[in-house]
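Let's take a friendly tour of a protein and the molecule it holds. Have a look at the picture first, and then we will go through the details together.

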Amino acid sequence: EVSITKFPADERKIIAKAHDKYKKARAGIINTRHGQIHTPAFMPVGTKGTVKAMLPESVQTTGADIILGNTYHLMLQPGAKRVFKLGGLHKFMNWSKPLLTDSGGFQVMSLSKLRKITEEGVIFNSHIDGSKFMLSPESSTEIQYLLGSTITMAFDECTPYPSTYEQAKSSMELTSRWAKRSRKAFYSRDGYGQFGIIQGSIYNDLRLKSALDLIELDFEGYAIGGLAVGEGQELMFKVLDYAPDLLPINKPRYLMGVGKPADIIGAVQRGIDMFDCVIPTRSGRNGQAFTKYGVVNIRNSKYKEDNTPLEEDCLCPACKNYTKAYLHYLVKVKEILGAMLMTWHNLMYFQKLMLRIREYIAQGKDFDFIS
Ligand SMILES: NCc1cc(CSc2ccccc2)c2nc(N)[nH]c(=O)c2c1
Ligand SMILES: [Zn+2]
């Protein structure tokens with residue numbers, strides 16, 4: 001078992017080796033202070049302290065072991081100190097299992113209007129009321145501590161795509177300097193962990209240097225950042241053909257912001273353990289349901305009198321108790337229950353996919369035809 005706490009390097013016991021064809025795929029368990037994470041794992045995104053349209057207990061019934069929170073959003077509202085005073089994010093949102101929070105830099109670059117990147121950190125104006133904030137390796141790490149995150153992410157810069165070699169090099173070097181400061185600011189406790197994030201865009205020598213810089217800091221896990229940023233699946237897999245192997249085999253590997261089922265399967269085959277993506281929740285709210293027959297756009301008029309469930313053998317409330325006609329109607333009239341049921345089904349679909357992948361790996365079977 002790959003325990004998130006410090007463990008002797010020789011405890012490199014991977015629970016199950018996958019079928020030779022996918023010699024890099026692995027199934028494992030990450031032990032944390034807030035419970036176990038079965039990998040390969042899909043982590044639903046709960047940006048503002050809630051997985052949108054879901055109760056935490058509903059998220060739990062889908063099989064999720066861990067959910068994500070967002071440092072950027074929570075530091076602006078309600079504020080990290082307030083969450084800390086109120087007992088931390090676990091208590092605040094009534095989620096007792098593991099929580100992973102992003103370090104916030106990525107969200108600053110994608111959400112805040114005015115921002116300035118300096119060696120110190122990122123100065124930005126809140127997208128809510130324009131007030132001025134600064135995120136640095138130190139402040140991001142402290143905010144994640146105040147939130148009570150089980151897994152803290154190092155403060156990095158997500159290198160945009162496309163980037164020239166020079167741009168990617170200087171961005172990666174900044175991420176390495178910030179990683180060192182993040183690691184120094186981390187308050188190490190048993191059962192809690194901090195993950196480093198490697199950058200380097202599509203350049204293999206930069207990816208290697210980034211990995212070497214971060215391995216020196218002995219993080220509890222490692223994330224591959226700077227992918228799923230518009231490069232496309234082919235180029236992403238090209239990087240994943242070598243990047244996971246640059247990371248310690250006995251520590252968790254997290255591919256940030258990925259992805260669709262086919263992306264997840266391809267990345268697991270290349271040695272990735274953890275995933276997060278807004279697709280099941282966001283597309284669910286937009287009327288898209290993932291099913292074994294493909295993606296169903298429930299707003300399509302062909303469903304308005306379809307008295308069958310999304311998937312006859314799915315155990316989620318949407319499939320057990322309702323029809324596509326009812327979901328079609330709810331989404332068309334923008335009823336909140338529509339968002340709830342579609343989200344619940346999609347999260348169940350993604351967790352079932354991960355469960356089947358874990359089973360196939362444990363049985364040494366290849367799993368490239370699962371959709
Ligand atoms: N588009 C991929 C992506 C996504 C996220 C966000 S993952 C996330 C989102 C919400 C909550 C927790 C994690 C990233 N975060 C960081 N820090 N660095 C990246 O390179 C990066 C790349
Ligand atoms: Zn369902």
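## Contacts with the ligand

A polar side-chain atom of Asp156 sits 2.8 Å from a nitrogen atom of ligand 1. Asp102 also has a side-chain N or O atom 2.8 Å from a nitrogen atom of ligand 1, while a polar side-chain atom of Gln199 is 3.0 Å from an oxygen atom of the ligand. On its own, ligand 1 has 500 Å² of accessible area, and the protein covers 94% of that (such areas come from the Shrake-Rupley method with a 1.4 Å probe; for residues, only the protein chains shown count as cover).

This is a predicted model, in which local features need pLDDT of at least 70 and side-chain atom pairs count only at pLDDT 80 or more, while totals for chains, interfaces and linings use all residues. Residues are numbered from 1 along each chain as its sequence is written, chains are lettered from A and ligands numbered from 1 in the order in which they are written, and side-chain values use heavy atoms, with hydrogens and water left out.

## The shell around the ligand

Which residues come nearest to ligand 1? Of the 19 around it (each with a heavy atom within 4 Å), they are Asp102, Asp156, Gln199, Gly226 and Ala228. The shell is made up of 9 nonpolar, 7 polar and 3 charged residues (Ala, Val, Leu, Ile, Met, Phe, Trp, Tyr, Cys and Pro count as nonpolar, Asp, Glu, Lys and Arg as charged, and the others, Gly among them, as polar).

Strand β6 (67-70) and helix α5 (105-111) each supply at least two shell residues (helices, H or I, have at least four residues and strands, E, at least two, as DSSP runs numbered from the N terminus). β6 gives the most, with 3 residues.

## The largest pocket

Ligand 1 takes up the space of the largest pocket (more than half of its atoms lie within 2 Å of the grid points). A pocket is an open set of points on a 1 Å grid over the protein atoms alone, with protein on both sides within 12 Å along at least five of seven lines, and lining residues have an atom within 4 Å of a point.

The volume of this pocket is about 980 Å³ (the space filled by probe spheres set on the points, which are joined across faces, edges and corners). Its lining has 39 residues, and Phe106, Gln107, Ser110, Asp276 and Val278 lie nearest its centre. α5 gives the most to this lining, with 5 residues.

Conventions:
Polar contact = N/O pair within 3.5 Å; in protein donor to acceptor, adjacent residues only side chain to side chain. 1 Å grid on protein atoms, 1.4 Å probe; cavity = no way out; pocket = protein on both sides within 12 Å on 5 of 7 lines; lining within 4 Å.
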